[in-house]
Amino acid sequence: GMSRRGKTPQYKYETILQLIETDKYNEAHYTSGVVTDYVEPTKSKGSDYFCILRLIDSTYDKNEGLKVILYHRDLSAFPKIQLWDIIRLHRLKKSNTPRTFSSQTGWSYVVWSSEINAKFEDNRKTSRNATMTESDRTMVDHLKRFVAENRSNAIQDQQQVAQNEFIQLKDLTADSYSSINCLVVGTNRK
């Protein structure tokens, strides 16, 4: 329906788990989450750029979280993101690939820092016409607490790993098996 000018539209926000489990492919979805991975915008095959981010929240924080692919013609339309930022996204659509959503035309975002003392008003970047309400403040507070708990766990895990099994790539031998977490910075297609 039409909304009166000046009245903030009511959006139905879904958790990351709800998005992963939804079977609604043709609807616009609205969500917020914590960014655990972010790939800077790159040129797609067409005239668009795209960037990839991964989101978690308290309902779903396993594996790589939810993969979101944002498309836009204009490089300046993409959010400036740091890891552990909180992002609110409007107009995503479910992709045929599991745990993956992509942007629909007219998508928008707001990004907040998850630092405990960061002010709600200091949201780093928003799309041109994004509105914010009290429920956004509640959501940001909730996700900030979630990050505070999880970051300390994650940092402890990393320290644990570092003490136990820290190995450099050059020390790997041909007959050993290792799990590796790394960032791929480029591939070479022959």
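Buried means under 20% relative accessible area, exposed over 50%, and partly exposed in between. Keep that in mind for these close-ups of a predicted model.

View 1. With a relative accessible area of 30%, R137 is partly exposed, while E134 is exposed at 55%. Their side chains meet in a salt bridge, 3.4 Å from N to O. The two sit 3 residues apart in helix α2, so about one helical turn separates them.

**View 2. R88 pairs with D136.** Here the closest N and O atoms are 2.9 Å apart. This pair links distant parts of the chain: R88 belongs to strand β5 and D136 to helix α2, 48 residues apart. R88 is buried, at 3% relative accessible area, and D136 is buried at 3% too.

**View 3. K12 and E14 make a salt bridge.** Their closest N and O atoms lie 3.9 Å apart. K12 is exposed at 62% relative accessible area, whereas E14 is buried at 12%.

**View 4. Here is the largest nonpolar core, with 21 residues.** L53, L55, V68, L70, I87 and L89 touch the most other members. Strand β6 (100–112) gives the most to this core, with 4 residues. A second, separate core of 13 residues includes V34, M139, L143 and V147.

**View 5. L169, L172 and I180 make a nonpolar surface patch of about 300 Å².** L172 lies in the segment after α2 (134–165) and counts as partly exposed, at 35% relative accessibility.

Key:
Residues are numbered from 1 along each chain as its sequence is written. This is a predicted model: local features need pLDDT of at least 70, side-chain atom pairs count only at pLDDT 80 or more; totals for chains, interfaces and linings use all residues. Side-chain values use heavy atoms; hydrogens and water are left out. Patches are made of residues with over 30% relative accessible area and no salt bridge: like charges are joined within 9 Å, nonpolar side chains (Val, Leu, Ile, Met, Phe, Trp, Tyr) within 5 Å. Accessible areas come from the Shrake-Rupley method with a 1.4 Å probe; for residues, only the protein chains shown count as cover. A salt bridge is a side-chain nitrogen of Lys or Arg within 4 Å of a carboxyl oxygen of Asp or Glu. Buried means under 20% relative accessible area, exposed over 50%, partly exposed in between (1.4 Å probe, protein chains only). A nonpolar core is a set of buried Ala, Val, Leu, Ile, Met, Phe, Trp, Tyr and Cys residues joined through side-chain atoms within 4.5 Å.
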